[in-house]
Amino acid sequence: MVRALLQPQPWRLVLLQLTGAFANSLVGPGAVGSYQGGGGGRRFGGFARVTDPPVGFFLGGSSIRDMNGLYSREHRVPNGFSHTFTFSYRHDYTGWRLCLVGAPEDVKRSSGRQTEWVLIDPDRADRFRHDGDQLIPGSGHRWSHVHRTKSAQPDPKAGSAVAHAMEDDEEELPWQLVGVGEEDMLRRLKRYFTFYKHEVQAAIDGQKLPKLPVGGKGTATSPPEGFQAPKAALPGEEDGTDTCLEGSASLENAEAELQGPKLKSDHWSVAMLQLRRAICYRRRREFQLANDAVDASLVLYPRYAAAIEELGKLQVDQGLYERAIHSFETLLRVDRKRPFVGDWLVRVHGHKRRQETEFLTEKPEVLQGRTPGCIAWRQTGGCSPTGLLEPSADKPCNAVIAKGNSGFCQCATSGARGKSGTAPATAAESDCEHESFTCAAKCAERQQAESGHGPKLTDAAAQLAAEVSNAVDVQPCTLLRGGELPEWCQPNHYLVLGIRCDFPDEHGDELKRAYKKRSLQYHPDKLGGSAQAFQRVADSHQVLLDPEKRRAFDEGADFPRKVQHDGAEGETHKEEIEKKYFPERFDFAPFGDPHSDRREAKARQQRLLETKRQEALAREDVHRELLLVVQVLSI
């Protein structure tokens with residue numbers, strides 16, 4: 001699922017081929033210039049001399065979404081304007097205009113230019129301006145807000161034709177402006193825009209989402225307006241207390257109300273009480289009971305949005321991310337406007353992505369190849385049995401381990417090993433120079449040696465076995481212990497602490513209790529505990545304790561961005577997922593991210609400021625040292 005998200009959309013793939021073929025049809029600002037588009041990095045290179053006005057423009061990056069899009073040249077002077085038009089380009093859908101017009105007298109005096117580019121809104125008011133006397137305007141800060149009347153005269157309230165008011169929002173500026181030099185290119189862009197609109201509508205219609213649930217007592221997504229819900233189904237505001245243990249909506253009260261004879265025909269009351277039971281059992285981490293309860297609610301009303309959401313959360317808490325994605329996609333299909341459904345899809349895809357990249361699972365052939373005394377051959381790097389583990393090269397117990405492979409056999413016998421006392425049993429600790437063997441045979445030999453029924457290990461072999469156990473001990477989350485890692489190795493901080501995925505930030509008691517429980521469980525002095533596990537629990541607590549760190553983790557801010565074909569930074573994980581499910585939130589962007597150049601410029605500025613700050617600190621340190629030397633010499 002995630003891999004599919006990282007692939008370019010079909011219309012963009014074709015468009016990239018198209019723009020490569022029509023590189024000379026795309027022009028940048030000024031009479032001569034290479035196209036850079038005002039965003040997204042250099043695309044196609046080369047230079048184009050602009051001797052004729054473009055046939056159209058693509059504008060992007062403005063927070064005024066109606067202003068973004070394709071503009072086609074008008075061959076007739078627009079009526080009803082006081083401007084003197086040189087060229088006029090009209091937005092294909094919204095009525096915005098991009099025009100080269102005669103500049104007002106005060107602008108002529110201040111800039112020395114006879115013309116200016118203006119962006120005119122559908123109400124015929126000038127909104128933005130750019131210096132004229134050029135066929136292609138620039139982008140970003142080259143534009144500025146204007147405050148004029150519809151007659152293109154200065155607004156007396158603004159004070160000047162170009163106001164520098166604090167309330168002007170630079171996000172409204174056109175951060176990407178591309179001139180289109182040929183009619184054929186403009187027509188193709190319009191066709192791909194039509195395809196983009198089709199894709200948006202398909203997403204809104206849910207064509208790629210699961211089918212709508214059917215059956216039960218109807219298709220309602222929530223109780224009818226004015227419905228009097230049972231008190232036990234309506235918890236009050238949480239103030240840090242566990243409302244499942246006490247209060248009118250406790251689990252005990254919900255189960256008691258379900259036994260009432262009057263509820264047999266009151267289906268919505270039953271559905272709401274079952275949902276309440278599911279919430280409370282999930283909070284207790286009694287997942288099977290929670291699953292039974294939410295299923296009972298959905299049997300009555302398969303499209304009950306709150307119950308579908310609860311099912312998705314239950315699956316997240318169990319680490320069943322594929323199922324959770326299906327549940328939240330179903331919720332999206334049932335109620336596209338459901339609050340936070342997009343946030344949950346971002347979170348679950350993030351958990352799945354981390355699990356696939358960080359939380360390794362046993363290969364099926366290795367899992368199936370276990371024997372009573374052997375788990376697997378564990379490959380290591382560097383022709384050393386103490387090298388880093390290479391799980392992709394692991395082999396089943398009966399596979400022949402030929403010369404040239406380093407590693408060790410993981411055996412199923414018990415015993416205190418490694419510094420932690422919990423490292424797995426090993427055998428046949430080998431560098432690359434060895435005779436062929438199978439781990440099934442070697443584990444049997446080692447078990448006999450340790451039980452005293454076979455030849456004892458030599459001192460050198462025992463020393464090597466101890467070194468391997470110690471090496472494995474420091475990378476426990478990489479070794480696939482029986483195909484399942486302990487919870488503290490999970491990349492999901494919520495699972496590490498054993499806390500529900502939706503615990504409230506406002507009340508820290510629940511997080512505090514979960515942290516205390518896990519800390520005691522994995523303390524180095526406890527059986528099964530270790531310094532690594534204890535530290536991992538502490539790290540997860542620090543992330544979930546800080547609302548900003550928790551939000552960043554939930555949004556997948558830690559995932560690296562892909563580098564695009566032009567060297568620009570790709571989308572964030574959150575943007576990738578939101579664009580998949582909510583493409584209507586994103587503008588048509590055939591030339592890449594309109595804000596990439598802007599972000600890169602800000603990053604360069606921040607790096608420059610940090611360099612200057614460090615240099616200033618270094619100078620202060622040198623100055624203090626010199627003063628100290630002078631003081632010492634003067635004594």
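**Buried cysteines, disulfides and cores**

Student: Is Cys 501 buried or exposed?
Tutor: In this predicted model, Cys 501 has a relative accessible area of 1%. Since the cut-off for a buried residue is under 20%, Cys 501 counts as buried.

Student: Which handedness does the disulfide of Cys 244 and Cys 280 have?
Tutor: The two sulfur atoms of Cys 244 and Cys 280 lie 2.2 Å apart, and the pair is joined by a disulfide. The torsion about the S-S bond of this pair is about -85 degrees, and therefore the disulfide is left-handed.

Student: How many residues apart are Cys 244 and Cys 280, which link distant parts of the chain?
Tutor: Cys 244 and Cys 280 form a disulfide, and both residues are buried. Cys 244 sits in the loop between α4 (183–204) and α5, whereas Cys 280 belongs to helix α6, and the separation is 36 residues.

Student: Which helix holds Cys 439?
Tutor: Cys 439 forms a disulfide with Cys 409, with 2.1 Å between their sulfur atoms. Cys 409 lies in strand β14 (residues 406–411), so the pair ties together parts that are 30 residues apart in sequence, and the helix that holds Cys 439 is α12.

Student: Which element gives the largest share of the largest nonpolar core?
Tutor: This core has 49 residues, and those with the most contacts inside it are Tyr 304 and Tyr 581. Among the elements that give two or more residues to the core are α5 (251–258), α7 (287–300) and α18 (573–581). The largest share, nine residues, comes from α6.

Student: In which helix is Ser 327 found?
Tutor: At 6% relative accessibility, Ser 327 counts as buried. Leaving out residues up to four places away in sequence, Ser 327 touches Ile 308, Leu 311, Gly 312 and Gln 315. Ser 327 itself is found within residues 321–334, which form helix α9.

Student: Which residue is the bridge partner of Trp 117 in β9?
Tutor: Strand β8 (residues 115–120) pairs with strand β9 (residues 126–131) in the antiparallel sense over five bridges. In β9, the bridge partner of Trp 117 is His 130.

Terms used:
Residues are numbered from 1 along each chain as its sequence is written. This is a predicted model: local features need pLDDT of at least 70, side-chain atom pairs count only at pLDDT 80 or more; totals for chains, interfaces and linings use all residues. Side-chain values use heavy atoms; hydrogens and water are left out. Helices (H or I, at least four residues) and strands (E, at least two) are DSSP runs, numbered from the N terminus. Buried means under 20% relative accessible area, exposed over 50%, partly exposed in between (1.4 Å probe, protein chains only). Contact means heavy atoms within 4.5 Å. A nonpolar core is a set of buried Ala, Val, Leu, Ile, Met, Phe, Trp, Tyr and Cys residues joined through side-chain atoms within 4.5 Å. Two strands pair if DSSP finds at least two bridges between them. A disulfide is a pair of cysteine sulfur atoms within 2.5 Å.
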